Amino acid sequence: MHTIKDFDFKTVADIRFAVNAALSLPTLLTTRFNAKSILLITDKGLIKAGVLDEVLNTLESSGLNVRIFDQVQADPPEGVIRAAGEQAKQVDVVVGIGGGSSMDTAKLAAVLAMDEQALADMYGVDQVVSTRKPLVLIPTTAGTGSEVTPISIVTTGESTKAGVVSPVLYPDVALLDPTLLLGLPAHITAETGIDAMVHAIEAFTSQHKKNPLSDNLAIKALQLLATHLPLSYENGKDLKHRGGTLLGAMLAGQAFANAPVAAVHALAYPLGGIYHMAHGLSNALMLPFVMRFNANAAQTEYAQLALVVNPMLASCPQSEQALGFIEYMEQFCKTLGITKRLRDYGIDQQDLPALAHGAMLQTRLLMNNPRTVTYEDALALYQQAW
């Protein structure tokens with residue numbers, strides 16, 4: 001038995017998973033936080049699609065004073081986050097409901113509402129010195145796992161992003177309700193679900209903070225997503241499979257919050273920053289190439305994950321198991337309709353060096369990769385994906 005390395009593990013203290021969990025929100029807000037007023041942070045698309053109708057009706061009839069901030073956009077810019085923070089000053093509790101961007105905005109709005117620290121001073125790891133308002137997060141996609149991560153990603157310029165990473169950003173309560181995912185379109189189900197799988201895979205191979213708790217969470221997350229995601233993609237109205245993917249995404253979020261992600265994410269970020277490509281899609285497009293690049297360095301871990309998704313590989317040598325896992329993930333992406341390449345999204349070959357330069361700035365992520373990534377490596381990986 002090898003010695004277990006020292007590790008820290010943090011997560012959200014109160015996680016609730018239930019069908020119609022979101023309808024218990026008024027009771028939670030009044031009993032737990034003694035709230036009279038709340039700010040609901042979300043995006044216009046969710047409101048327009050009617051996803052939040054029942055939740056909003058329940059809140060309205062509860063007598064709570066409900067403000068709605070629906071200006072959230074993908075990869076929220078600083079202006080949106082500051083505006084949400086201003087609104088949050090007027091209320092008792094901040095509730096983020098939506099995809100990763102809505103939850104990321106809500107986390108920072110809850111901190112900015114205290115007026116103790118400027119957003120510009122929060123970027124990086126453990127830079128938040130402020131307290132925050134009470135915070136409840138409710139995901140409507142099975143992807144980012146943002147409801148259980150201490151991370152918010154912000155767009156800071158035309159094409160640059162920065163992360164705020166601090167335990168202050170963990171919410172007081174994460175509320176998981178599979179019914180909120182029933183209307184999710186198939187392509188978003190696929191892209192967000194692959195994002196969650198990448199979280200599990202990269203947490204399991206992370207170089208610095210991987211630990212027995214994050215490993216077990218990553219394995220269970222991968223198992224749930226491999227089982228339920230294709231069925232959720234085929235039939236978005238199946239509550240059981242929606243629940244399975246939602247739980248899988250959350251467990252993957254807990255895993256990578258403690259054992260951080262690596263090169264797949266580092267190479268996906270510039271695609272989102274420069275081309276505004278959906279985060280899950282950019283991850284899916286880079287995943288097979290980065291996995292092949294990592295194949296030797298992460299052989300042991302990939303072989304272990306192979307047996308989670310395909311126990312038939314048990315009798316094969318480790319190198320074949322690892323390769324089998326990479327091939328499984330390539331096929332998995334195709335099954336979910338992700339078959340295109342970078343060139344199909346209006347990216348020119350001459351743009352690839354700029355992407356590679358952008359990826360190399362993600363040192364916070366690249367340091368976790370099983371194999372060192374140079375600028376030349378990054379450029380080669382984009383060329384393969386092109």
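Two strands count as paired if DSSP finds at least two bridges between them. The model described here is predicted.

E5 and E8 run parallel and are joined over 2 bridges. They belong to an open sheet of 3 strands with the order E5-E8-E7, in which the pairing is mixed. E5 and strand E7 (151-155) are the edge strands, each pairing on one side only.

## The six-stranded sheet

Another open sheet has 6 strands, in the order E1-E9-E6-E4-E2-E3, with parallel pairing. Strand E1 (15-17) and strand E3 (65-69) each have a single partner strand, so one side of each lacks a neighbour in the sheet. From one strand to the next, the twist averages 20 degrees.

Strands of a sheet pair through backbone hydrogen bonds, either parallel or antiparallel.

## A helix that meets both sheets

Helix H5 (residues 100-112) lies across E2, strand E4 (93-98) and strand E6 (135-139). Its direction is at about 165 degrees to that of E4. H5 also lies across E7 and E8, and here the angle to E7 is about 100 degrees.

## The second largest pocket

The volume of the second largest pocket is about 360 Å³. It is lined by 18 residues, of which Lys161, Ala162, Gly358, Leu361 and Gln362 are the closest to its centre. Two or more lining residues come from each of strand E5 (124-125), strand E8 (161-165), helix H9 (263-275) and helix H14 (363-366). H9 gives the most, with 4 residues.

What classes of residue make up the lining of this pocket? There are 8 nonpolar, 8 polar and 2 charged residues.

## Salt bridges

The structure holds 10 salt bridges. One of them joins Asp70 and Lys44, whose closest N and O atoms are 3.4 Å apart. This pair links distant parts of the chain, the two residues being 26 residues apart. Asp70 is in the loop between E3 and helix H4 (78-88), whereas Lys44 is in helix H2 (residues 44-49). Side chains of opposite charge can pair when their charged atoms come close.

Methods:
Residues numbered from 1 in each chain as written. Predicted model: local features only at pLDDT ≥ 70, side-chain atom pairs only at ≥ 80, totals over all residues. Heavy atoms only, no water. Axes fitted to C-alpha atoms, helices over the stretch in contact; angles between N-to-C directions. Contact = heavy atoms within 4.5 Å. 1 Å grid on protein atoms, 1.4 Å probe; cavity = no way out; pocket = protein on both sides within 12 Å on 5 of 7 lines; lining within 4 Å. Points joined across faces, edges and corners; volume = space filled by probe spheres on them. Nonpolar A, V, L, I, M, F, W, Y, C, P; charged D, E, K, R; others polar. Salt bridge = Lys/Arg side-chain N within 4 Å of Asp/Glu carboxyl O.
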